[in-house]
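Welcome! Below are a few exercises, each followed by a solution that goes step by step. Have a look at the molecule, then work along.

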Amino acid sequence: MAANAKSNVVSLNEHEHTRRPISSAESGRMLNNCRDLAMRRLSASLRDMLAQIEEDLFRMAETAYDREMQNLYLEVRGKAKEKWPSVEAAFSRNFVERFNRKMRGELGSAVQTMAASSFELKLVEEDELAESIALQEIAGHLREKCEDELGLLGERVAVLLGRKELDDEENPISPQAVCSALKSACDEIEGSVKLKLILLKQIEQHVSKALHSVYADLNTEMVRWNVLPDLKRGYRRAANPSSASKSAQKPVEAQTPADGKPAPDLFSALRQLVQAQYAGAVLGGEAPAGGQAGPFLTQVPAGPAPAADSFPNGFLESLTHLQRGDTRKSEQADGLPDLGVALGTMNVLHQIKASGLAQGIGQLDAITIDIVAMLFDFIFDDAKIPDPIKALVGRLQIPVLKVAMLDKSFFSSRTHPARRLLDGISHASIGWSREVDQGDPLYKEISRIVERVQTEFERDVRIFTDLLGELEAFLAAREAQADAVAERSAELIEQRENDEIAWVIAGEAVSRRLSSEAPAAVRQFLLNHWQQVLKELYLRHGEEHQAFLDAIATMDNLVWSVAPKTSSEERKKLVGTLSSLLRALNAGLDLIGLPQGQRNFFFDSLVSLHSTAVRAGLQANAAMETVDVTK
């Protein structure tokens, strides 16, 4: 029975059993990938938020009642705009430095350090205490907004660091770590603590969304890497009921009908609307305008084009004259506006139906005119279509009316070439720029198509098929061109981001090896040249590649070689390693193409530095021997 009872117990740490052994090389690579993704995304977020921060600070200054606060907000705004590139660079540099140190277990959170020191009030200045409290508050806000993803990420980062548990202060990508890097970035701006905290608070309001997204994406990557893929979200906070209910609500028009059938298109809806209007007129005893009272047609039938003489008073021929802008050949056209201008600015089909041209047409033709007129009403009223394109599409009013009267399948077939041509023009113009003029490629193409329809179309609707093909070919070519530009732009952006990451990683590696004791010539060499070598190796091979590690070792050997040599063993080692050190330095400098003149200058300085290192060691030994003799 005890065995059965035990089998019913579910371990709260069930995910412990899903942990697979991960080598140190794997975990290091994964953590580096996490660091690079987070730095790239958060740096991009910083880059994009400046305009909004400027706007927010200006609005805060306008609404502030205190003159001092108004001036402070405006001062923050001005200094942020001036120093923002330095803020971005400092954030990337400090974020990577803190991340790497926490990976090595060398550094606790700056927030934690300041929080601990705040208990010794006599040792903490008032500004420092205010800064410490503010940083804790900001980090807490970030944690609250990202709590659902942060809990999962902390568990997975702990696995990669080889720890059973991981506090937020130990997590290299925790809100505290991000907040500390942001604080260091704001230190790039000169001013009071109050000024910097105002800026940091504004950054926090905008970076929280990006941070939550970063955590979510890192969790997705961890699952893909099979790091605790079965980790449950049972301990996540419940979703906000109000937001959940809002997201569950959908516009009525966007919902799928219960029968699963697609919603009718615009043509079907217009046809039903006009038919309903005619039904009301007939049932009310009124004859539809332009036609005889009679049985109501429940649908617009599809069928072959009527014979030319089936249209009264040469109606179709009159439409062809109007299509080509010639109103003199039709006496019934009196009273119509100047179609050369009106077709591009207004719906003229309503006037045509009310004119003498439409006398004697049947009820079906009257319905057709109303449907096509309403179709162009929608086009003219669509704010998403640029006005110059509307002017071109408006010149298709009469040709489209002729198509609808000649071929009743225009209404019943969604694949009708004239309908598809209209749809193609509308969709292309909506997806185009709002700033369209006569020099725009799309405007020129649509203008050419419209011109051909106006001059060539009489009764053969096959011209619309040809023009549709030409429009689709034009749009496909433009889309391919846009895709090529977008792909190239994406490559350039990715290259820039990779360059930024590589430079920060290389800079962090160099800065850890620089000390005040290192000679100035070596310091300048590492900062100006060897950092570029590390950057290039990182871009080519990555941080874990042996070539990158060898370059790090070369840098360590260089720094060691110029330090005082106090023992004979060290002096012998220096002599034995000089040849390989110089070869390694030259190989790295070949990688970045450093001119021979600059190399010779440094190597000449290096000879002097090595001599000084040996001499300093001998002098130190002599001094020690002198002390011993005096004793």
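Helices (H or I, at least four residues) and strands (E, at least two) are DSSP runs, numbered from the N terminus. This is a predicted model, in which local features need pLDDT of at least 70 and side-chain atom pairs count only at pLDDT 80 or more, while totals for chains, interfaces and linings use all residues. Residues are numbered from 1 along each chain as its sequence is written, and side-chain values use heavy atoms, with hydrogens and water left out.

**Exercise 1. Find the cavities and say which residues line the largest cavity.**

Step 1: the definition. On a 1 Å grid over the protein atoms alone, a cavity is a set of points where a 1.4 Å probe fits but cannot get out, and lining residues have an atom within 4 Å of a point. Grid points are joined across faces, edges and corners, and a volume is the space filled by probe spheres set on the points.

Step 2: the count. There are two cavities of 30 Å³ or more. The largest has a volume of about 40 Å³.

Step 3: the lining. The largest cavity is lined by M39, R40, S43, A44, R47, E497, E500 and I501.

Step 4: the classes. Ala, Val, Leu, Ile, Met, Phe, Trp, Tyr, Cys and Pro count as nonpolar, Asp, Glu, Lys and Arg as charged, and the others, Gly among them, as polar. The lining of the largest cavity then has three nonpolar, one polar and four charged residues.

**Exercise 2. Which element gives the largest share of the lining of the second largest cavity?**

Step 1: this cavity has a volume of about 30 Å³. E131, K183, C186, D187, K196, L197 and L200 line it.

Step 2: two or more lining residues come from each of helix 7 (175-186) and helix 8 (193-224). Helix 8 has the largest share, with three residues.

Step 3: two of the lining residues, D187 and K196, form a salt bridge (a side-chain nitrogen of Lys or Arg within 4 Å of a carboxyl oxygen of Asp or Glu). Their N to O distance is 3.6 Å.

Step 4: buried means under 20% relative accessible area, exposed over 50%, and partly exposed in between (1.4 Å probe, protein chains only). D187 is partly exposed because its relative accessibility is 32%, whereas K196, at 16%, is buried.

**Exercise 3. Describe the salt bridge of K390 and D387.**

Step 1: the N to O distance between these side chains is 3.9 Å.

Step 2: K390 and D387 are three residues apart in helix 15 (residues 387-394), so about one helical turn separates them.

Step 3: K390 is buried, at a relative accessible area of 10%, but D387 is exposed, at 57%.

**Exercise 4. Are the rings of F525 and F602 stacked or edge-to-face?**

Step 1: rings of Phe, Tyr and Trp (its six-membered ring) pair if their centres lie within 6.5 Å; planes under 30 degrees apart count as stacked, over 60 as edge-to-face and the rest as tilted.

Step 2: the structure holds seven aromatic pairs. In this one the centres are 3.9 Å apart and the planes at 10 degrees, so the pair is stacked.

Step 3: F525 lies in helix 21 (residues 520-541) and F602 in helix 24 (residues 596-630), so the pair ties together parts 77 residues apart in sequence. Both F525 and F602 are buried.

Notes: On a 1 Å grid over the protein atoms alone, a cavity is a set of points where a 1.4 Å probe fits but cannot get out, and a pocket is an open set with protein on both sides within 12 Å along at least five of seven lines; lining residues have an atom within 4 Å of a point.
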